[in-house]
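Welcome! Open your viewer, switch to a cartoon view, and let's take a short walk together.

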Amino acid sequence: MHEERPVLLLGALTTFGGVAAFARVRSVPSLVAGVGLGSMLVASSAVIKRQIDDNGEAVLGFSSAALTSGALAALMAYRFSKTRKPMPALPLIVAGSLCASYYIYKLTKSNN
């Protein structure tokens with residue numbers, strides 16, 4: 001049932017955020033990280049959709065979604081520890097952690 005949507009939404013928002021940061025303050029690291037991680041999240045979404053359509057299971061897609069969203073949360077936590085600026089770090093820490101938790105849950109549920 002639409003298991004790909006959470007990571008698709010997070011990927012789209014991450015990509016948009018990276019582009020917006022570049023447009024606003026010319027932050028190349030934000031552009032590279034936003035577009036890079038956002039693209040990986042969107043790709044995970046596509047893998048999930050394709051695997052579920054093909055055989056009903058999406059272990060590779062769930063794994064890549066969990067790892068990428070967890071990496072996003074970890075990178076934003078590191079950024080927050082350095083800058084102490086809550087935006088955009090805190091919302092992305094929460095969203096990345098929730099997304100990673102969801103796909104870890106889906107992985108453990110699919111393996112039973």
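## Stops along the model

Start by selecting R26, which is exposed, with a relative accessible area of 57%. Keep in mind as you look that this is a predicted model. You will find R26 in the loop between α1 and α2. Check its backbone too: phi is near 60°, a positive value in a residue other than glycine.

Now select the helices on either side of that loop. Helix α1 covers residues 5-25 and helix α2 covers residues 28-55. Their axes lie 7 Å apart, at an angle of about 165°. Angles over 145 degrees count as roughly antiparallel, and α1 and α2 are therefore roughly antiparallel to each other. Which kinds of residue make up the contact of α1 with α2? There are 14 nonpolar and ten polar residues, and no charged ones.

Next, go inside. The largest nonpolar core has 17 residues, and V7, L10, I48, F62, L72, M76 and Y103 are those with the most contacts inside it. Color α1, α2, α3 (59-83) and α4 (89-110), the elements that each give two or more residues to this core. The largest share, six residues, comes from α4.

Zoom in on L72. Beyond its neighbours within four places in sequence, L72 is in contact with L10, T14, L37, L41 and L92.

R84 has a positive phi of about 60° although it is not a glycine, and R84 is exposed. For P88, display the backbone: the peptide bond from M87 to P88 is cis, with omega near 0°.

Definitions and conventions. Residues are numbered from 1 along each chain as its sequence is written. This is a predicted model: local features need pLDDT of at least 70, side-chain atom pairs count only at pLDDT 80 or more; totals for chains, interfaces and linings use all residues. Side-chain values use heavy atoms; hydrogens and water are left out. Axes are lines fitted to C-alpha atoms, for helices over the stretch in contact, and angles run from 0 to 180 degrees between N-to-C directions. Helices (H or I, at least four residues) and strands (E, at least two) are DSSP runs, numbered from the N terminus. Angles under 35 degrees count as roughly parallel, over 145 as roughly antiparallel, 65 to 115 as roughly perpendicular and the rest as oblique. Ala, Val, Leu, Ile, Met, Phe, Trp, Tyr, Cys and Pro count as nonpolar, Asp, Glu, Lys and Arg as charged, and the others, Gly among them, as polar. A nonpolar core is a set of buried Ala, Val, Leu, Ile, Met, Phe, Trp, Tyr and Cys residues joined through side-chain atoms within 4.5 Å. Buried means under 20% relative accessible area, exposed over 50%, partly exposed in between (1.4 Å probe, protein chains only). Contact means heavy atoms within 4.5 Å.
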